[in-house]
Amino acid sequence: MKQNIDKNFWDSINKIKEKNDEYYKRTGKQKTSFIRTYGCQMNEHDSEKISWILELMGYKPTTEESEADFLIYNTCAIRENAELKVYGKVGSLKTIKEQNPNLKIAVCGCMMQLDEIRETIEKKHQHVDVIFGTHNIDKLPILFNKHLNEDRPIIDILEDNLDLVEGLNNNRESDYKAYVNIIFGCNNFCTYCVVPYTRGREISRKPDDILEEIKELAKNGYKEIMLLGQNVNSYGKTLNNDYSFTDLLTDINEIDGIERIRFMTSHPKDLSDELINAYGSLDKLSNHLHLPIQSGSNNVLKRMNRNYTREDYLEKIKKIREVKPDISITTDIMVGFPGETEEDFKDTVELIKEVEFDFVYNFIFSLREGTKAENMDNQLSYEVKHKRFEKLSSEINQIILKNNEKLIGKEIRVLVEELSKNDDNKMSGRTDDFKIVHFQGDESLIGKMVLVEITGAKTFSMEGKLI
C-alpha cells in the first residue's frame, strides 16, 4: 500500500526550522548534523533520505563528527562487529552530552528493530534523544519535534513495512550514480540472518514510482543506477500482476540518459532464465552479477535454509556464461557456519576454484541473536573459523588476480568516480564488470564515461591508461 508524506511531517519540519533559524539570528551560527552509517547499500540510501530531512529542518551537514549539533547513527544488525562499534560509539557520547547538553543524538536502523538491542540502548544510554527504526524514517521530524517539546527521549518503532511512503527525497552522495530502492524486506528466513526481522517482509514499489524516480535522475544528469533490495529477483511478487524484475530492467533500459544499470543483491533460487537472458538483450545492464552462494557444501546450504543446492548454483552460472561469456560474477561466502566440517569447507574451496569468481565478500559466521543458527549444535571455535577464513582468502585472492591479469591490454569503459585514494595524480572509477581502475587524469573527468586501456593488474584494482 502506497502512502504519501503526511501533513504532520511538514508541520514538524517547519517548527524545527523556525527554531533553528531563530538560533542562527541570535548566534550567527547555523546548526550542523552528522550521520554515521553502518552496513549495506540499503542503509547508505536510508542515510541519504535522513540527510535530506535534516537539511529541511535547518541543519547543515558537517564532515566533523565532533562539531555537530545533531548526531545520527544509522545502525546495522547483520555483522557483530558493526553492532559492537555502535554500542561503543553511543556509550562514549554520554560524557560529551554531559559537557554539551544541547547536543542531540538519534539512533536508528536495523539494530533498533531488535527488541533486546533497542531496550539495551534505552536503558543503558538514556542520553540518546530519539530512537526510530527502518520503517519510519518519514517520522523523524515528528519524533524530533516531540522530543524538543517534551524534553525526554522519544522511541518509535514500526514492526512491519506494509505501508510504503513515497515522496521522500534524498541528498545523494553522488551527482552521477544513484541508489534506487525497488523492493523492501525479505521472505527467505536464512537461519543465520536477521533481515526479515529488521527490514520486514517483502514488499515491492510500484513500477511507475520507480520509473518516475529514475527518469528524474536521468534529467539531472545521473548515468548509473543501482537498484536495491534484499532480494531484487523477488521484485513484483507483491504487486498482484505479471510485472517482473526483468520487465522493470527492460523499461529502465529505455530511459534516455541512463547509461548503466546495476542491482544488488540476488538470491540464487530466484534467478530466472528470463533474467539470465536479459544479459544478452539489454545493452545498459552492467556486465556483472552478484550472486551470493554462502557455502559450497550442500549440507551447510541446507542448514542455512538457502533452498538451493551446489548443483543448482553451478547450473545457473553455466547458463549465464552461455549468454554472457565474459560476465563478472561476484559472491558472498560465509566461513565457519555451525556444524561446518572440514569436508564441507573443502567443498567451498573447490567451488570457488570451479567458478573462478571475480570477487568474493568472504566473512566469518557470527552469532545473531534471534536466528535459528544461534541455537544450533556444533558451534565452531574462533581458531577453526579464522584458520579456514585465511585459507579461503588466500585461494580467492589468487583467482581474483588471475582474472584481472586477463584484462591487461583490453580497452574497457569506466565511469570516473573520484581522485584515487592512493595517488592524487590519478583518477579512479569502475568498469562495467564492477572492477576498480586507477589511471592518469584530472577531476574534470568525474562523472563521465571514458575508455581506458588496462595496463596492469592487482588483486583489488587495476591500472589503466586513458584512451
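In the predicted model described here, strand β2 and strand β4 (residues 70–75) pair in the parallel sense over five bridges, where helices (H or I, at least four residues) and strands (E, at least two) are DSSP runs numbered from the N terminus, and two strands are taken to pair if DSSP finds at least two bridges between them. Because this is a predicted model, local features are reported at pLDDT of at least 70 and side-chain atom pairs at pLDDT 80 or more, whereas totals for chains, interfaces and linings use all residues. Residues are numbered from 1 along each chain as its sequence is written, and side-chain values rest on heavy atoms, with hydrogens and water left out.

Strand β2 (residues 32–37) is also joined, by two bridges, to strand β3 (residues 60–61), and these two strands run parallel. The chain passes from β2 to β3 by way of helix α2 (residues 41–56), in a β-α-β crossover that is right-handed, a term meaning that, with the strands pointing away from the viewer, the path from the first strand over the helix to the second runs clockwise. Within this arrangement S33 stands opposite P61 in β3 and opposite F70 in β4. F34, which lies in strand β2, counts as buried at 10% relative accessibility; buried denotes under 20% relative accessible area, exposed over 50%, and partly exposed in between, computed with a 1.4 Å probe on protein chains only. Although F34 and P61 are 27 residues apart in sequence, their C-alpha atoms are 5.9 Å apart in space. Residues up to four places away in sequence being set aside, F34 touches T62, T63, E64, E65, A68, F70, L71 and I72, contact being defined as heavy atoms within 4.5 Å.

Two loop residues were examined in the same terms. D138 is found in the loop between β6 (130–132) and α5 (140–150) and is buried, with a relative accessible area of 9%. The side chain of D138 meets that of K139 in a salt bridge with an N to O distance of 3.1 Å, a salt bridge being a side-chain nitrogen of Lys or Arg within 4 Å of a carboxyl oxygen of Asp or Glu. K139, at 25% relative accessibility, counts as partly exposed. Leaving aside neighbours within four places in sequence, D138 is in contact with F9, V165 and L168. S234, in turn, is located in the loop between β12 (224–228) and α8 (245–253), and is buried at a relative accessible area of 2%. A polar contact of 3.2 Å joins the side chains of S234 and E202; such a contact is a pair of N or O atoms within 3.5 Å, and within protein one atom must be able to donate a hydrogen and the other to accept it, residues adjacent in sequence counting only if both atoms are side-chain atoms. With residues up to four places away in sequence not counted, S234 touches I183, E202, S204 and D270.

Side chains of opposite charge can pair when their charged atoms come close. By the salt-bridge rule the count comes to 34, and E224, E259, R260, R262, R413 and D432 are linked in a network of such bridges. E453 forms a salt bridge with K465, the closest N and O atoms being 3.8 Å apart; since E453 lies in strand β20 and K465 in strand β21, the pair ties together parts that are 12 residues apart in sequence. E453 counts as partly exposed at 24% relative accessibility. A further salt bridge, at 3.9 Å from N to O, is formed by the side chains of K458 and E463, of which K458 is partly exposed at 47% relative accessibility and E463 is buried at 17%.

Two helices were considered in terms of span and burial. Helix α13 (residues 382–405) has 24 residues and reaches 34 Å from its first C-alpha to its last, close to the 34 Å expected, the expected span being 1.5 Å times one less than the number of residues. The buried residues of α13 include R388, F389, L392, I396, I399 and I400, and among the elements that cover the buried residues of this helix are β15 (328–335), α12 (342–355), β16 (359–364), β20 (449–457) and β21 (462–466). The buried residues of α7 are P207, D209, I210, L211, E213, I214, L217 and A218, and just after α7, G221 takes a positive phi of about 90 degrees.
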